[in-house]
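Dear colleague,

I am handing over the structure below, followed by my notes on what was found in it. Please read the notes with the model open beside you.

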Amino acid sequence: MKIGNCHLCGELKKLTFEHIPPKSAFNDKPILIQNYEHLFDKKSYLYGKSFRSNNGSGSYCFCESCNNNTGTWYANDFSNFVKQAYVHFEKSSRVSKLNLIEFNYKPLNVLKQILTMFLAIDHSGYLRDDKNLVEFILEKENKSLPDKYQIYLYITISKHKRLFGIQWNNFNGTFNAHSEITFNPFGYLLAIDSPPPIETMTNITQFKDYNFNENAHFIIPLFYLKTDDKFLGQYN
């Protein structure tokens, strides 16, 4: 455990390791991780190197209470959502440019887990300081996600993972704020008062319109994007 401000409640507490995505969503094996110094700081002795996390992808970011609550409320339903995508590709044996995937799932629970993941990787405190967003996650029945947040989903298959906290970038001549997570078979993008970097991403923000633990059955269209590039919003 480490001491720090929880990325959700903001309290100074012992922090526990948060798997990003949850351990049950195929994040249960050792992984090589590269942070900013490894990727971009050419003056650092760490540049071009990586370190091994035996716990899988994640970090010490939530207090025990927030970690346990979000894990109990949302993690299993999110993991079931991910596993259904894996089953789809096992049956079809290939990934297409456009994939029509049938899901039986709990939309609000899935959305809240995705937003929990974005809070986990935001080390700036920007998301934690939005009390309405924090209440949306920590109050399991809450459906009032602020309109400035839009969540997008796409399919990706890559040996590289992305865990990018909020970055303010110039895409297509406009100043935008995005955060991105990729972990096979999905890519997740959070846009803050901004359009997505590419139009073919599927907007899933409407998952917020469902009740906690409410089931839904839909075929969701999801485009494949290649994410071997190490930069947020780049798809080669």
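**Around F136**

Leaving aside neighbours within four places in sequence, F136 is in contact (heavy atoms within 4.5 Å) with Y74, L108, L111, K112, L115, N142, K143, S144, L145 and K208. Before going further, please note that this is a predicted model, in which local features need pLDDT of at least 70 and side-chain atom pairs count only at pLDDT 80 or more, while totals for chains, interfaces and linings use all residues. Residues are numbered from 1 along each chain as its sequence is written, and side-chain values use heavy atoms, with hydrogens and water left out.

F136 belongs to helix α4 (residues 131–138), where helices are DSSP runs of H or I with at least four residues, numbered from the N terminus. With a relative accessibility of 0%, F136 counts as buried, a term that means under 20% relative accessible area with a 1.4 Å probe, protein chains only.

**The nonpolar cores**

L115 in turn touches L133, F136, I137, L145, I151 and L190, when residues up to four places away in sequence are not counted. In the largest nonpolar core, which has 52 residues, L115 is among those that touch the most other members, together with F103, L127, F186 and Y188; such a core is a set of buried Ala, Val, Leu, Ile, Met, Phe, Trp, Tyr and Cys residues joined through side-chain atoms within 4.5 Å. Helix α3 (residues 107–121) supplies the largest share of this core, 10 residues. Apart from it lies another core, of 7 residues, including Y154, L189, A191 and L225.

**Helix α2**

Helix α2 (residues 64–92) has 29 residues and reaches 40 Å from its first C-alpha to its last, close to the 42 Å expected, which is 1.5 Å times one less than the number of residues. At G71, α2 bends by about 45°, taken as the angle between axes fitted to the seven residues ending there and the seven starting there. After α2 comes S93, whose phi is positive, near 65°.

**Cysteines**

How many disulfides does the structure hold? There are 0, a disulfide being a pair of cysteine sulfur atoms within 2.5 Å. The sulfur of C63 is 3.6 Å from the closest cysteine sulfur, in C66, and that is too far for a bond. For C61 the closest cysteine sulfur is in C6, at 7.6 Å, again too far for a bond. C61 is buried, with a relative accessible area of 0%, and C63 is buried as well, at 1%.

With best regards

Definitions and conventions. Buried means under 20% relative accessible area, exposed over 50%, partly exposed in between (1.4 Å probe, protein chains only). Helices (H or I, at least four residues) and strands (E, at least two) are DSSP runs, numbered from the N terminus.
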